[in-house]
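Here's a quick tour of one chain and the partner it touches. Have the 3D view open as you read.

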Amino acid sequence: MNEDERKLLTLRFVVVALVFFALAGLEGTIMRFRISNMLTEFFTEKHFYAIMTAHPFVGIYGWAYMAVMGAFYFLVPYVLKRDIYSKRAAYASFWLMTIGVATVWATTFITHYAPLYTLYWPLPAAIELAGWEPISLVAFGLGAALIILGVLTFFFNMFATIFLPVRQQEVVANGGENVRAGAAYVAKELLVTAFNLDKLRAKIRGIPNYVEKVFNYPVFVVAVFRGCVDTTLNALVMGGFGILIIIFGLSYLLPGAGLSFNIIDPLIYKNVFWWGLDLIADGNVLIFTAGTWYLLVPLLLGRPLYGESVVRTVILADLVVSLFVWNHHMLADTPQPLFLQIQGQLFTWGELLTMGLTIFAVLMTIWLARPVRYSAPLKFVLASILGYGIGGTAGIIQANYSMNRYLHNTQWVIGIHGHVQLLVGLSLTIFAAIYALFPMLTGKSLNERLADVHLILMTVGGLVMGLSMGLAGSAGMLRRTLYPMGLGPYEPYMTVAIIGALLMAAGFAVFLLNVVRTIGIKALIGIFLPSKPRVASKTV
Amino acid sequence: MTIQNIIELFYLTIFTTIIGFMVFFYIVTRKPPRGGVSARERADGGAGRGMDRRERQWLYFLIAVALLGNLATLSPLVPAAKNALWAQEQPVKQVVIEVRDYKFILPEKPITIPAGVPVEFIVISDDLTYGFGVFRKDGTMVFQMQVVPKPYENRITWVFEEPGHYDIRSTEYSGPKHPYMYIPDAIAVVGGGGR
């Protein structure tokens with residue numbers, strides 16, 4: 001792929017991601033109204049739970065993953081000064097993700113299949129108890145499997161882009177003999193580099209002053225491949241669950257072949273599920289965010305990253321911690337062994353150290369660059385740090401063995417922790433990258449004043465919504481449920497949460513206006529036409 | 001004051017501190033530093049191998065916060081930790097509740113238990129994963145646990161300090177019928193209001 005093709009690919013990913021962001025936002029706003037027992041004539045209770053099931057798939061895989069993929073398809077070759085390994089794989093990942101997310105959404109919308117993203121066994125397969133149509137299991141599982149296939153294709157492409165060229169140089173240097181450059185090599189190199197195993201080997205062999213391979217790569221690329229380790233493991237687990245649901249769905253469709261859901265142990269299932277899922281929440285989200293900050297802030301300020309040698313180790317610590325934190329989702333499961341629950345709590349506090357050091361490095365980089373002229377992306381980075389600070393602290397509070405007894409499954413978890421992290425922390429990081437990349441991809445810059453309005457509305461809206469949900473949670477209001485008999489004492493909190501959601505929606509509308517004003521509707525549509533790229537090829 | 005009030009107060013302090021700090025940071029960093037940033041700092045700012053002194057101090061601070069946080073939340077200061085980790089007495093009563101087809105099956109209505117003594121709740125699900133939460137009449141939660149289906153038994157021991165009536169609600173989504181798993185006044189705590 002040449003640079004223009006990569007730009008076009010990135011723009012396609014980002015535009016589709018923004019469509020999914022809008023859809024997730026619309027779903028979220030509808031849910032806010034419906035929780036307050038409004039819009040009842042339009043959205044039945046079953047429909048509400050179906051929306052609640054689709055919402056995280058659309059928001060995480062449709063918005064966050066696709067935006068990140070688009071950005072990485074441009075940034076990794078840009079930073080490494082080389083091409084993407086496979087154009088076919090790049091487009092395959094685009095279509096698999098788009099079709100997969102659309103399939104999950106359509107399945108829940110049409111059939112009202114609603115096992116939620118938690119998929120606690122045996123709910124996804126309990127067709128008689130919960131009232132699911134067997135075909136909905138197959139369609140939902142298929143959508144999930146397509147998404148996961150898209151994710152795996154993307155990461156294979158990333159790993160090959162990062163690691164294979166080095167090997168190919170070695171192949172050339174050796175005259176092309178006795179050296180194999182393939183998937184096995186990429187996997188081995190990834191494991192060695194991601195976990196600093198070469199350093200370990202050097203220590204065992206007593207090699208003095210050995211500099212580990214990870215220092216051959218820019219910090220951003222280190223974050224990409226270490227974050228991708230988490231995401232690949234997550235994809236394998238989630239893909240497994242997708243296939244499991246398909247198998248059960250098919251067994252119900254075939255006469256006399258219905259499987260008993262008792263063949264699966266619900267507690268072991270839950271452990272595997274949370275181990276896999278948490279590799280996203282406490283793994284790649286934090287690592288990719290850190291990598292994006294580490295790339296953008298020095299670029300925007302024109303100075304080196306503070307403590308650059310240390311942050312590689314911090315990213316490794318983040319990766320290791322992410323492999324052992326899943327138990328903080330099982331603190332309310334009393335059959336779970338106590339030592340695992342305490343272990344989950346202790347490792348979660350480890351994230352305070354890794355995220356604390358990450359934020360420190362970014363803020364010190366800004367501090368040492370005074371006086372700073374805050375461009376739009378830099379303001380978004382600062383606001384995203386605010387989001388992670390506020391949302392992360394709430395997360396650490398709820399992830400304690402004792403505090404979880406009062407906060408588990410309440411609006412606290414999804415409000416002040418989940419949504420503040422995802423909307424103010426993660427989403428503003430993605431928007432920072434969009435504002436920074438926009439001139440490079442289109443040759444035009446977005447209006448800074450409109451960007452300010454976008455930033456203020458998203459940040460204030462996200463914090464207002466998150467805090468009001470959080471306070472409702474500490475007052476006892478549960479998540480993942482309607483209160484059909486009335487919200488009672490929780491009603492004022494939910495009214496304020498609606499205002500927050502509408503502020504965010506207004507912020508996103510301002511962003512769209514900014515994009516359309518800058519490049520025009522025709523250019524936006526032109527991104528998806530098969531003709532030559534309509535975007536500027538000149539880099540800024 | 002309930003434990004939730006303390007959590008709110010503590011968290012709101014952190015919330016406002018973080019916002020205040022970030023606004024302050026934004027304003028200050030737009031201005032040139034007094035006396036300027038030293039040439040060495042401007043050049044690398046700790047970019048050499050190993051940890052910068054300031055970074056190391058920050059790490060020590062974070063470690064101290066983590067240690068204090070773990071000690072505080074695992075200590076008997078928090079009722080949930082006190083009942084689960086530091087309990088000295090055996091439960092004086094066991095309450096077995098079954099859950100089946102989106103319904104709690106109570107041993108009696110209301111479940112009458114004495115105040116100020118440990119009581120063990122054993123909740124067993126025949127089919128799905130549910131939740132078991134006990135709520136005060138003002139909507140605040142006393143405690144909760146997940147209800148993992150058979151073959152597992154879900155047990156929690158609690159000491160009710162305040163006499164009165166309490167509601168039971170499923171605290172985990174288990175399908176669209178889940179919000180109706182609510183029994184008001186399911187528990188009556190009687191007695192002297194404390195040990």
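Starting at the N terminus, chain B runs α-α-α-α-β-β-β-β-β-β-β-β-β. That gives 4 helices and 9 strands, where helices (H or I, at least four residues) and strands (E, at least two) are DSSP runs numbered from the N terminus. Keep in mind that this is a predicted model: local features need pLDDT of at least 70, side-chain atom pairs count only at pLDDT 80 or more, and totals for chains, interfaces and linings use all residues. Residues are numbered from 1 along each chain as its sequence is written, with chains lettered from A and ligands numbered from 1 in the order in which they are written.

**Overall build of chain B**

| Property | Value |
|---|---|
| Radius of gyration, chain B | 25 Å |
| C-alpha span along principal axes, chain B | about 75 × 40 × 30 Å |

The radius is taken over C-alpha atoms, and the globule rule is 2.2 Å times the number of residues to the power 0.38. Of the 195 residues in chain B, 31% are buried (20 or more other C-beta atoms within 10 Å of a residue's own, with C-beta atoms placed from the backbone).

**Meeting chain A**

Chain B puts 71 residues in contact with 70 residues of chain A; contact means C-beta atoms, placed from the backbone, within 7 Å. Helix 1 of chain B gives the most to this side, with 13 residues. The touching side of chain B divides into 37 nonpolar, 20 polar and 14 charged residues. Here Ala, Val, Leu, Ile, Met, Phe, Trp, Tyr, Cys and Pro count as nonpolar, Asp, Glu, Lys and Arg as charged, and the others, Gly among them, as polar.

Definitions and conventions:
Buried ≥ 20, exposed ≤ 12 C-beta atoms within 10 Å, placed from the backbone. Contact = placed C-beta atoms within 7 Å.
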